[in-house]
Amino acid sequence: MADPDRKPGPILRLMGPATAAAAEAESRAWLIHCPNCGFTRSVWDAGGTRYKAAGTARWRMRCPKCGEMGWHRVEKGPDFPTTSGPILPLVLFILALVLLILIATAAVLLSVFWFVGIL
Ligand SMILES: [Zn+2]
C-alpha cells in the first residue's frame, strides 16, 4: 500500500508548485474501482499520478482488499477539481524533454561519425 501522505515526485516538482498541487489534486480525484468487490480508492492513494487525462481507463492490477487480479475501472470522482492546473509548465517540460532527446541523438550520431572517420 502506498503512502497516502506522499508528496508529488521530482518531475512534478520540477514543473512548479502550482502544477504539482494540481496534479496531486487530480490524482486524488481519479478513482480506481475493483470489478470484484467494488473497493474504491484514489489513484494517488494507489501510488500513481494521473494528470491532464480524460475519459475512463482500465488498469489491470491486484485489489488490495479482496486480492483478486482484474481490470479496474479508473474514472473521475464526484469531487473532481473544476479548476485546471497550469498547462504551460507541462508543455515546456515536454518541449525540454524532446530537445534533450534530439541533442542526445545528435551527440551519439556525431560521435559515431567521428569514430568511423566521416568527420
Ligand atoms: Zn477487490
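Strands, as the word is used here, are DSSP runs of E with at least two residues, numbered from the N terminus, and two strands pair if DSSP finds at least two bridges between them. By that definition, strand 1 (residues 30-33) is joined to strand 4 (residues 69-76) by 4 bridges, and the two run antiparallel. The structure is a predicted model, in which local features need pLDDT of at least 70 and side-chain atom pairs count only at pLDDT 80 or more, whereas totals for chains, interfaces and linings use all residues. Residues are numbered from 1 along each chain as its sequence is written.

The 4 strands form an open sheet with antiparallel pairing, in the order 2-1-4-3. Its edges are strand 2 (40-42) and strand 3 (57-62), each of which pairs on one side only. From one strand to the next the twist averages 35 degrees, with axes taken as lines fitted to C-alpha atoms and angles running from 0 to 180 degrees between N-to-C directions. Strand 3 and strand 4 pair through 6 bridges, again in the antiparallel sense.

| Residue | Bridge partner in strand 4 |
|---|---|
| His-33 | Arg-73 |
| Ala-57 | Val-74 |

Positive phi values occur in two connecting segments. In the hairpin of strand 3 and strand 4, with 6 residues between the strands, Gly-67 has a positive phi near 75 degrees. Lys-52, which lies in the loop between strand 2 and strand 3, is a residue other than glycine and yet has a positive phi near 55 degrees. Lys-52 counts as exposed because it has 12 C-beta neighbours inside 10 Å, the cut-off for exposed being 12 or fewer other C-beta atoms within 10 Å, with C-beta atoms placed from the backbone.

Note on methods: A residue is buried if 20 or more other C-beta atoms lie within 10 Å of its own, exposed if 12 or fewer, and partly exposed in between; C-beta atoms are placed from the backbone.
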